[in-house]
Amino acid sequence: MTAYLVIFVAGFAGSFHCIGMCGGFACALGRDPQGRGATVLRHLLYNTGRLTTYCFLGGLAGAIGQVICTPQGTTVPLLGGPLDTGQRILAILAGLLMIAMALQFFGLLPRLHRITTGSGASTLAASLGSLLTAPGHAAPLAFGVFNGFLPCPLVYAFAAQAASTAGALPGFLTMAAFGLGTFPAMLLMGGVGRALAPAWRQRGVWLAGSCILLLGLVTVGRGILPFAVHFAHGWTEPA
Amino acid sequence: MTAQDHALCSHCLLPIGRRAMRRTVNGETCAFCCYGCCIAYQVKHGKTEEWEAAWLLIRLGVGGFLSMNIMLFSLLLYSDAFSGADAEMLPWIHLLLWLFATPAVIILGGPFLREAWLHGMEGRLTSSALIVLGVGAAYLYSAFATIEGSPHVYFDTATMVLMLFTAGYYLDAAGRARAARDLQPLLAAESEWATVVIGDGEYRRPVREVDAGVLVRVRPGERIPVDGVIMEGESHTDEALITGESRQIAKGVGSHVIAGSINLDGPLLIQSSGVANATRWAQICRSVRDALIRRSPSQRLADNIVGVFVPIILVLGIGASVYWARHLPFDRALLIGLAVLVVACPCAVGLAAPMATSLGIGRLARHGCLVRDPAALEALARIRLIAFDKTGTLTSGQARVVAIDSDGTRADVVLAHAAGLERHSEHGLARAIAAAAAARGLEPVAIHDVRVLPGRGIRGKSDGRIVAAGSAALMRELDWSLTPNLAECGRRREASSHSVIYVGWGERAYAVLSLDDTPLPEARSTVEALRCRGVRVTLLTGDLPAAAVRIAAAVGIESGDIEAGLTPEAKRAALERRRHDHGMVAMVGDGLNDAPVLAGADVGIAVGSATDLAREAAAVVLPPGGLRTLPWVIDVARAVRATILTNLAWAFGYNLIAIGLAMAGVLQPVLAAAVMAGSSIIVVLNSLRLERLPEPAPSAAAEGAPPPRSTAVPVNSEALQAGRPACPVPPI
């Protein structure tokens, strides 16, 4: 469970990073003229759409990881269990990807930043503009679904983590933990976002980067270290 | 929008064929070649305030939400999360999935069902029918399974197949739109808007409503919509779209501007000089549009295959289900049949040729080379022999002074006298002589009382002496003697098909000027470049053999490959003989007097003229001065053909293997749908490689500053300076 908690914290801290782009969407989604309840429902639907996409991506990444390394179909719990060669390689790759993303959070890999938040995002976001102002409850839900597919280093990092779990269920849980972590900040964006000082945002980004770095190092460690199993077993609570 | 506009897809500009989908976007009727283009166009162009664009996205988003949730629950089912103690939950989970799947199937499958129904009413089976059948079977079976309480449902398969197809079609269409980028400005001539100035007001009008004499305002960065004259303002324009040459041309008040060129840096007020749909831009637009609508032989073949493809797949799918049902449980057999239905992709076969062709045509058109028929492009790639006409094709078609044979007098003196006379005449040879004098910096002798003697020459007076330039007959008429040397020289020059002009003053002729058409500077390199590409070059001309041999030697055509003195019929026959020996042949001419030969060749290529594109007999039209682009055009044609062949090979190979695997029961339906969506994207990506072809070699004019063609005088300097007639063969 510890790992999922770390992911949740990373998601929570990382969502301050999201204020730049997704927060803008949340603000633009605005208030519902029919009152406070309707506004809350609107934002809940938007975040539900986003969460669904994250969970789907997580499940998919986990399933792909499973196809790659365990054709027999035995899943491994997150950060535990015996590892074969395929899983080790996958863990190393996913861990390296996560470390790269974490370094990018600290502003150390500007080139990577351009790649991960490519121009595709802005054109897609512009096309989706019509959804932000459309009436009804279906539009924010649909917007959330598409929003989840927008390129984002956080999502990539946790999708990689999900893939390294080599199972649809743990992959799904990884991304679900991350998505739930982003919930509070995104829900509050309408009112709180502006009041949050840039210094706090920066701290949030560093915290998120640290969490991802930690998870990345652990994931790489699972691939490399011979005692990884024991290490992981000591670290996580037995299920 | 005219009816013709609807022959091409509004999004990707590929021909629509019979699969048109019509929608109203932003108040304009649009036609699309497929569902993917319909989505991509609305996502890209749908205005934010338009309900339709938002509605489409909402439907897709909600459909995605539902199907992703179905997939997540199904993943939990597959990982046995509901086994053991939670087993009694299973029917409820199935019911939940059914609840989610019903709207998802309706939302995502609606467009496919509608298309299948419309085509079914016309008695045609298309790929959407396969999707509808497959998805419908999976959904209905799962619904029955839920009611009966059986352990397996396949709602996830039904919705994921729909989602993958929708996403695949969208990505496919988004990629295809890149092919349209080159074509867009060419096809804009008819749909462009112009800012018309009436009194103090400015109004936006469709360009086809702009008549001659109307004032049009063009801002920097805009395309000039009409031919006209600048009334106000200064700017630079880029006429690359029309002339194929990308360079800035300075324009001021009184300058002419061409429709289709881009106004680069200053606002202009232009008075239209003609009807908008008569501009060269509009002609190019119609020509390109016609070419895109036509089908090449390989396209027809592909279309025929696609026509029988769907029924065959239907039979194979049902056959696979029936066969496997005897060995496996019914639901597994059903899934195998479903995989067969969704993995087969006629889209890739249908897309193989038009995508590559339209990229090729767009690429060529951007450099001023118009292809009137995709079949010509494919034929051009297979050409092994190109026949050239001489005058106006390999040569400039304009006479120049190539030699001055004098009787002891200095060439400059002769030229100054001749130029003094000839500057009073408008005759083509006269202009050549004046230009030759100007190029050597000579001051023409002042001559008065000038009279043009039609058919014989020209005469006048200077310092009380008669000065004359003209034929031998004129010299005899004036009773001027010709030295035997000079007369012999003139005869020999005439025998080698030069035009000769005797020049004299006082009481006798002093010199004979020889004029001839000269090869274009780029002719030699073009012939060499063609030879490098394995294309044999021949010269077919109506001119005298001596002239043909001289020009052929100058441009590097071997003497065995020349036929001279041919009538148009004989040219055609000569071309026919060569076709017999070499297979496909192309003929390059200037398009005016060569029309029958150009029409008779496998590919007729017209250079330069192309004044009225609609009536041209040529299948390929190069821009004025575009001979140098010919090797590049052949490169593009070959690349297009190679792309079509690799596309077809991929499409057929993919289908054979994928259908085989699906029938063997190896491929899951969801995986099959993903693979199928990928197959046409690979065709698109392979075709987009054509964008990376090199540009044509820049022209001499763009590279530096060579002398203008009409004033260059490559005369034999020895003959010019010589005191006595030398009669050398002019080295060119």
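1. Chain B holds an open sheet of 3 strands in the order β8-β7-β10, paired antiparallel. Its edge strands are β8 (248-251) and β10 (262-263) of chain B, each pairing on one side only. Strands pair here if DSSP finds at least two bridges between them. Helices (H or I, at least four residues) and strands (E, at least two) are DSSP runs, numbered from the N terminus. Between β7 (residues 235-238) of chain B and β10(B) there are 2 bridges, and the two run antiparallel. B:D238 has B:I262 as its bridge partner in β10(B).

2. A word on the basis. This is a predicted model, in which local features need pLDDT of at least 70 and side-chain atom pairs count only at pLDDT 80 or more, while totals for chains, interfaces and linings use all residues. Residues are numbered from 1 along each chain as its sequence is written, chains are lettered from A and ligands numbered from 1 in the order in which they are written, and side-chain values use heavy atoms, with hydrogens and water left out.

3. Look next at the hairpin in chain B. Strands β3 (residues 193-198) and β4 (residues 201-206) of chain B run antiparallel, joined by 6 bridges. B:I198 is partnered by B:G201 in β4(B). The hairpin has 2 residues between its strands, and B:G199 in the turn has a positive phi of about 65 degrees.

4. The rule asks for a side-chain nitrogen of Lys or Arg within 4 Å of a carboxyl oxygen of Asp or Glu. One of them joins B:E202 and B:R217 (2.9 Å, N to O). B:E202 sits in strand β4 of chain B and B:R217 in strand β5 (residues 215-218) of chain B, 15 residues apart. B:E202 is partly exposed at 35% relative accessible area; B:R217 is partly exposed too, at 23%. Buried means under 20% relative accessible area, exposed over 50%, and partly exposed in between (1.4 Å probe, protein chains only).

5. The pair B:R493 and B:D405 forms another salt bridge (3.1 Å, N to O). B:R493 lies in helix α17 (residues 484-495) of chain B and B:D405 in strand β14 (residues 395-406) of chain B, so the bridge ties together parts 88 residues apart in sequence. B:R493 is buried at 4% relative accessibility, and B:D405 is buried at 1%.

6. Chain A has 12 helices and 0 strands. Of its 239 residues, 54% count as buried. Take contact as heavy atoms within 4.5 Å. Among chain A contacts between residues at least 6 apart in sequence, 82% join residues at least 24 apart.

7. A:N47 deserves a check. This residue lies in helix α3 (residues 36-69) of chain A and is buried, with a relative accessible area of 0%. Its side chain makes a polar contact with that of A:R50 (2.7 Å). Such a contact is a pair of N or O atoms within 3.5 Å; within protein, one must be able to donate a hydrogen and the other to accept it, and residues adjacent in sequence count only if both atoms are side-chain atoms. Not counting residues up to four places away in sequence, A:N47 touches A:F183, A:M186 and A:L187.
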